[in-house]
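Hello,

Here is the structure I promised to hand over. Please open it first, then read my notes below.

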Amino acid sequence: MTVKTNIHKKLNELESTAICGNDISSSVLYVSALAIAFAGQYAWITLLIVSVVLFLFRKIYGEVVGALPLNGGTYNALLNTTSKFMASFAATLTILSYMATAVISANEAMHYLHHLIPSMPIIIATICLLSVFAILSIIGITESAKVAIGIFGFHLLSLAVLSAFIILFLFHNGIGIFIDNWNFPTNENGIMTAIFLGFSASMLGVSGFESSANFIEEQKKGVFPKTLKNMWAIVSIINPMMAVFALALFAMPVLQSSEYQNTLLVEMASHVGGNWVASLISIDAFLVLSGAVLTSFVGVTGLLERMTLDRIMPQFFLKKNKKGSSYRIIIMFFILAVSVLLITKGEVTLLAGVYTISFLSVMALFGIGNILLKVKRAALPRPEKASWLSVFVAIIAVSIALVGNIIIEPAEGQSSNFTVFLDYFIPFIIFIIFMLNRTLVLRLLLSFIHYIFDPIRKLVFNADKMILSFIHEINNQEFVFFTKGDSIATLNKVMLYIKKNEHTKKIKIVHVQREGDEIPKNLAFEIDILDREYPDIKVDFIIEKGEFTPKLIQSLSKKWNIPINFMFIGSPSDKFNYKVEQLGGVRLII
């Protein structure tokens, strides 16, 4: 008999690189224009500086993840070197970064497609795109990787075609525009300020570099450092090269205009190759930005799985489908992304501050995690080590970029990057703090509830006890019936009367036996039948010696310490009636 086992397939180098590469390489669509807007003719220099910083981070990431090969990236690094709160703080920043990446990338992808299909409603189309990649992620990571490879390959091919057209164009037209731009006057703040601001903006071009560390457990052994090398090579070549090409094709005032900021590569394609090359780049932009959405889903799933295993997130999220996908995490992230899109009403550029500060903070915290790992977990084996100098230089560089993005003046009428970041970060971190301290919070809530409701509960308990006592007292009152030996039919009438009209559940059936008289032979048997017929009424059969007179009744009342209620079947004599009435408090039922 052959037993089939469902073995989860690991990702190879190409698949892992494609998933991360779509995110980091999609930056070419905006980072060159962004760098030129701040650094002008020095944009390609700032992008090369970014390449150097990213080279330092290759070993920083390689050391930490090599020593701790678990999903979670920065969260994992800090969890093993600091506290769970600090790790959760980093995780919150990472989740915000992925959220902003997914929403911005999906929306920008639809804007590029909108150039080809003007009648397309952008917000609805963005939601559809998010849902497509959510479904693809639920189907399974290996299936997602196949799509990522296709997108990644098409993207590199499109950029190769564009580069070929640009080189051919420059071969025929020369590089005079580049020389003019190089001699273009810098802004009034000077070259260093331009490079500083350009570098700060250019650091967004490496967004996605951290993604590979968030799904390390899905990769084959030895693949992770190769993904870092491949991503570094891609952005080190493509981004500075496209900045140089742009400076060689258009004059500086044109490049820094708002029209060229959003669709620079499409304008470059149209300028050197006409409409069909522009359409190719538009399609490529749509696809690769869509691939960045996929990267966000894959990265956030790996991170949240790890946080759930560490009991920070509810265990509800650990449920997997047959493909091994944590579909509940994916659905939650999809709902979050759609809600943010609807809240911003499609103006997702408002999320730029969230995206920028979150990503750069995560990079800086990962460098700090590397330092703490060196100090606190020095005994852990690791395949490679980053030097102390490279770690400090990398952290300082990212911190400079972070400060630069915080102090960048916002456009007129818009909030600063830091303000927008806080609008999203504060609710997220409050939720994480609650989850970390949910036991304490629930205990405080329970104490508050007790403080408010315990007096009411005590009042209700006492009222309940008092009412039950009254009910018990009423039910314990006894009913006395004197019989001469009546038939069972007569006795049954008495029982029915008590059941319908009295609160008591006790009855004494008394037979007064005069001297010389015999007890009716069937009386005890008939009373036993009644006792079984009415189980909810307790029946006591008593035989008293003497004469049935008011004096006997008074004597029995004192003896039993109860006011005797009388029921007579038949008509007693007037004289007896009168004497009974004189006893007071007695009911005479004829």
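T17 is buried, at 4% relative accessible area (buried means under 20%, exposed over 50%, partly exposed in between, with a 1.4 Å probe and protein chains only). Please note that this is a predicted model: local features need pLDDT of at least 70, side-chain atom pairs count only at pLDDT 80 or more, and totals for chains, interfaces and linings use all residues. Residues are numbered from 1 along each chain as its sequence is written, and side-chain values use heavy atoms, without hydrogens and water.

T17 sits in helix α1, residues 13-25 (helices are DSSP runs of H or I, at least four residues; strands are runs of E, at least two; both are numbered from the N terminus). Leaving out residues up to four places away in sequence, T17 touches N22, F152, T227 and N230 (contact: heavy atoms within 4.5 Å).

Next, the cores. The largest nonpolar core has 144 residues (a set of buried Ala, Val, Leu, Ile, Met, Phe, Trp, Tyr and Cys residues joined through side-chain atoms within 4.5 Å). Helix α5, residues 84-116, gives the largest share, 17 residues. F57, Y61 and F209 are among the residues with the most contacts inside this core. A second, separate core has 14 residues, including L530.

L530 also belongs to helix α22, residues 523-533, where L523, E526 and I527 are buried too. Those residues are on the same side of α22, because they cover an arc of only 100 degrees around the axis (taken from the directions from the helix axis to the C-beta atoms). The face turned away carries exposed F525 and R532.

Best wishes
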